[in-house]
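Hello,

Here is the structure we talked about. Please open it and follow along with the notes below.

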Amino acid sequence: MAYRHYTKCISVGNHIGKQYAQVIIAAAVVALPLILVGVVAGPAVLLVALAAILAYCRWWLYDRLVCLGGDECAVGWLLKIDPPQEKSGLDRFDTDYSLNLVPGNVFEFTPQAEAEKIQPFGRLLANTPTIKNAGLDWQGLEARQWANDDPTAVLHCEFEGAGVYDLMIACLAAIPVATAAAVACAIPFFGWIACAILTVIAAAIVIVGGIVGILDTANPTDVDENLGDLHVNDPTRRGADILFVKGTWVYDSAHEGWNEIHPIKHCQKIGTWNGSWNESSVPDGSSDRWCEAVDSAGSPLTVAAQQDPENQWTIHPVIDGCRRLSEPEPDPVH
């Protein structure tokens with residue numbers, strides 16, 4: 001199955017910055033209850049509320065994430081998951097499904113500053129010159145599986161849900177209706193009736209869009225329907241899934257400042273955490289070799305070779321005896 005992707009990362013030069021984002025977020029928080037107030041107070045209030053929510057949605061989708069250099073891959077064991085169903089309040093519009101991975105060769109309780117130096121994936125956790133030079137907030141991310149644990153440096157990874165995108169589409173659909181309501185309000189009697197009806201319709205569009213968005217949640221099976229349930233460690237601190245993930249490497253400005261894989265474009269289980277990074281926990285080679293293997297499998301040369309007629313078999317050539325026809329030898333020159 002194809003991954004879902006609604007956000008677009010932006011270059012650091014075009015990023016609006018946290019001070020402007022805070023204004024947008026505050027306006028959106030105030031605007032949400034104004035959707036209902038606008039039904040009584042009139043379409044002008046509703047239009048202001050819609051504009052504020054639309055600005056928030058566009059910031060969330062198209063400005064919040066700063067590009068760090070395209071797609072990256074990583075292998076890590078699963079310390080913690082954050083499914084969208086467990087979120088509350090306004091956070092419910094963030095319907096992404098989040099993973100916190102402890103990347104290859106990093107162990108539990110390793111702090112951020114130390115984990116950044118551990119190869120091969122520590123560099124994905126570290127602040128970059130792009131973010132440093134822009135003066136953006138930076139903290140990195142540490143997480144705990146249990147409340148009393150010391151924190152562990154993690155790589156945050158997200159499967160995308162469509163909550164904010166659905167809300168944006170609803171606002172875009174409601175704005176023309178609310179605009180028509182504002183025009184109708186200037187016409188006595190029949191216009192006032194039309195104004196009231198159109199205002200209710202516009203508000204209903206946003207409310208329904210918001211409900212649809214909250215229910216439009218991400219799931220790891222969006223990427224692979226055979227992925228199944230994901231597992232963190234049991235009380236013995238063993239048993240977590242070791243995952244291979246690949247996706248866009250970005251800086252997320254909505255938090256204290258950290259890097260993440262967003263969205264996850266490829267995910268597969270490759271082992272089970274047994275407390276150490278060795279062949280038994282990561283079969284078929286070291287963790288960085290998985291990245292090389294998946295990159296090779298998806299390279300243009302490999303994909304092109306898969307389209308060759310001799311590779312379109314149903315029964316393997318070893319079984320049916322088929323072979324590629326050899327080129328005829330040229331006639332000897334007399």
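**What I found**

Arg64 lies over the face of Trp60, 3.7 Å from the ring centre. Keep in mind that this is a predicted model.

**Aromatic pairs**

The structure holds 9 aromatic pairs. Start with Trp59 and Trp60. Their ring centres are 6.2 Å apart and their planes stand at 65°, so this pair is edge-to-face. The cut-off for that label is over 60 degrees. Trp59 is buried, at 5% relative accessibility. Trp60 is buried too, with a relative accessible area of 11%.

Now look at Trp77 and Trp273. This pair is stacked, with 5.0 Å from centre to centre and 10° between the planes. Trp77 lies in strand S1, while Trp273 lies in the loop between S7 and helix H8 (287–297), so the pair ties together parts that are 196 residues apart in sequence. Both Trp77 and Trp273 are buried. They also belong to one aromatic cluster, together with Phe107 and Trp277.

**The barrel**

In what order do the strands close into a barrel? The order is S1-S2-S5-S7-S6, 5 strands with mixed pairing. Neighbouring strands of this sheet are turned by 50° against each other on average, ignoring direction.

Follow strand S6 (residues 241–252) next. On one side, S6 pairs with strand S1 (residues 65–82) in the antiparallel sense, over 10 bridges. Find Asp71 here: its bridge partner in S6 is Thr248. S6 is also joined to strand S7 (residues 258–272) by 11 bridges, and these two run antiparallel. Phe244 has Gln268 as its bridge partner in S7.

S6 and S7 form a hairpin, with 5 residues between them. In the turn, Gly257 has a positive phi of about 110°.

Is S6 enclosed or open? Of its 12 residues, 11 are buried, so S6 is largely enclosed by the rest of the structure.

**A spot in helix H6**

Last, find Val177 in helix H6 (residues 163–184). Val177 has a relative accessible area of 19%. Buried means under 20%, so Val177 counts as buried. Which residues does Val177 touch, leaving out those up to four places away in sequence? They are Leu198, Ile201, Ala202 and Ile205. Val177 and Ile197 are 20 residues apart in sequence, and their C-alpha atoms are 9.9 Å apart in space.

Best wishes

Notes
Residues are numbered from 1 along each chain as its sequence is written. This is a predicted model: local features need pLDDT of at least 70, side-chain atom pairs count only at pLDDT 80 or more; totals for chains, interfaces and linings use all residues. Side-chain values use heavy atoms; hydrogens and water are left out. Two strands pair if DSSP finds at least two bridges between them. Helices (H or I, at least four residues) and strands (E, at least two) are DSSP runs, numbered from the N terminus. Axes are lines fitted to C-alpha atoms, for helices over the stretch in contact, and angles run from 0 to 180 degrees between N-to-C directions. Buried means under 20% relative accessible area, exposed over 50%, partly exposed in between (1.4 Å probe, protein chains only). Contact means heavy atoms within 4.5 Å. Rings of Phe, Tyr and Trp (its six-membered ring) pair if their centres lie within 6.5 Å; planes under 30 degrees apart count as stacked, over 60 as edge-to-face and the rest as tilted. A charge sits over a ring if NZ of Lys or CZ of Arg is within 6 Å of the ring centre and within 35 degrees of the ring normal.
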